[in-house]
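Good morning, and thank you for coming.

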Amino acid sequence: MDEAKERGHCIKEENVYAETLKHIRRMMAEDNLAPGDKLPSERELAERLGVGRSSVREALRALEFLGLIETRRGEGRYRREVGSHQLIDLLAMFLLENERAKADLAETKWLIERLLLALACRRRSAEDVDELKKIVRQKPIDFARFFETVVEAAGNVLLARIWRVLSGFAASFAPEPPLADAGYEQLLAALERQDPVETVAVWEAQRPSPLSKQAGHRLTNNDVHFR
């Protein structure tokens, strides 16, 4: 019990989830858990960290989503072999260690989406526009399908891969509300006219900027430069 108090005393009540994540990861390192090694049970973790089992369960779900552990039915949870996915490794560690992770994740994703939309305006084909029109006609409008088409039209493979990774994390850590149907119509019209300034303006109106580090600065359409 003394060990649980010693380990758990620094876990702040108002941020139990984030602190529990960091403590479990630290414990994995301290216990020298290698890929394939089994983690302690939820009950053991709760006792060691001095937190409730629900907090431990939520933290373990996040670790599994990030690909750091896996659940084997009837056996328990094990540390995973992450492999060579360095971008995913980097994002996973960032999300677990950085107190500003959720805000920075939303900010980075928004900036990349803004850039992808502007690129798609310049590079979209008639077939891309036809596909977007089909998507918009189908209600409810599927945001993932709509933006995947925008991403493909942007023609930048690296940005596309980064956006997909960020979107995967955001779906778990910072889910977003759907766009209004009118917003899709306006984006489609601007994309069809190949007007990046209008497209970005519509995007900013539908998805207000989450920029957090420079509270006094708002990005304007002049920040978008394409030659």
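In which loop does N32 lie? N32 lies in the loop between helix 2 (16–30) and helix 3 (42–49), where helices are DSSP runs of H or I with at least four residues, numbered from the N terminus. Please note that this is a predicted model, in which local features need pLDDT of at least 70 and side-chain atom pairs count only at pLDDT 80 or more, while totals for chains, interfaces and linings use all residues. Residues are numbered from 1 along each chain as its sequence is written, and side-chain values use heavy atoms, with hydrogens and water left out.

Most residues other than glycine have a negative phi, and most peptide bonds are trans. N32, not a glycine, has a positive phi of about 55°. N32 counts as exposed because its relative accessibility is 64%; the terms are buried under 20% relative accessible area, exposed over 50%, and partly exposed in between, with a 1.4 Å probe and protein chains only. Q194, in the loop between helix 10 and helix 11, also has a positive phi, near 55°. The peptide bond from K139 to P140 is cis, with omega near -5°, and P140 sits in the loop between helix 7 and helix 8.

I turn now to the interior. A nonpolar core is a set of buried Ala, Val, Leu, Ile, Met, Phe, Trp, Tyr and Cys residues joined through side-chain atoms within 4.5 Å. The largest one has 34 residues, and those touching the most other members are L116, F146, F147, V150, Y184, L187 and W203. Helix 6 gives the most to this core, with 8 residues.

Definitions and conventions
Helix = DSSP H or I, 4+ residues; strand = E, 2+ residues; numbered from the N terminus.
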